[in-house]
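The sequence and structure follow.

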Amino acid sequence: MSDPNAENDLTGKTSGWEKADKVAHGAGKVLDGTSLVLTKGYAIVLIVAAIIAMVANFGALFWPGLLILAYGIYLLLPGSKLVVW
């Protein structure tokens, strides 16, 4: 009794599992790219909102605005992040 995968290896054809693995790998890359873009966009929105809050009401919103600004800068830096939506 011969192995059907061995025959596929001899003819150069890929199995269904190998194709599914390639599709899943590509989908994972798309998801990673999308989450990166969303995180960077969210960081820019936070930075702009923090600057507006700090300038509009300097006394009451300075420290919260500064914390939000620092978090926005943290999200822009490379590496894995903890994102609070």
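A residue counts as buried under 20% relative accessible area, as exposed over 50%, and as partly exposed in between. The model is predicted. L77, in the segment after α3, has a relative accessible area of 45% and is therefore partly exposed. The C-alpha atom of L77 lies 9.9 Å from that of A43, although 34 residues separate the two along the chain.

**Helix α2**

Helix α2 covers residues 16-56. The helix comprises 41 residues, and the distance from its first C-alpha to its last is 59 Å, close to the 60 Å expected at 1.5 Å a residue. Its buried residues are T39, Y42, A43, L46, I47, A50 and M54. An α-helix has 3.6 residues a turn, so residues three or four places apart point the same way. Among the elements that cover the buried residues of α2 is α3, residues 58-76.

T39 illustrates the buried side of this account. This residue belongs to helix α2 and is buried because its relative accessible area is 12%, which falls under the 20% limit. Leaving aside residues up to four places away in sequence, T39 is in contact with L75, V83 and W85.

**The nonpolar surface patch**

Helix α2 is the greatest contributor to the patch, supplying 3 residues.

**Aromatic pairs**

The whole structure contains 2 aromatic pairs. In one of them, F62 and W63 have ring centres 5.1 Å apart and planes at 80 degrees, so the pair is edge-to-face. That assignment follows because planes over 60 degrees apart count as edge-to-face. The two partners can also be described by their accessibility: F62 is partly exposed at 21%, whereas W63 is exposed at 60%.

**Accessibility of the residues discussed**

The table collects the relative accessible areas given above.

| Residue | Relative accessible area | Class |
|---|---|---|
| T39 | 12% | buried |
| F62 | 21% | partly exposed |
| L77 | 45% | partly exposed |
| W63 | 60% | exposed |

How values were computed: Residues numbered from 1 in each chain as written. Predicted model: local features only at pLDDT ≥ 70, side-chain atom pairs only at ≥ 80, totals over all residues. Heavy atoms only, no water. Helix = DSSP H or I, 4+ residues; strand = E, 2+ residues; numbered from the N terminus. Phe/Tyr/Trp six-rings, centres within 6.5 Å; stacked < 30°, edge-to-face > 60°. Buried < 20%, exposed > 50% of the residue type's maximum accessible area, 1.4 Å probe, protein only. Contact = heavy atoms within 4.5 Å. Expected span 1.5 Å × (residues − 1).
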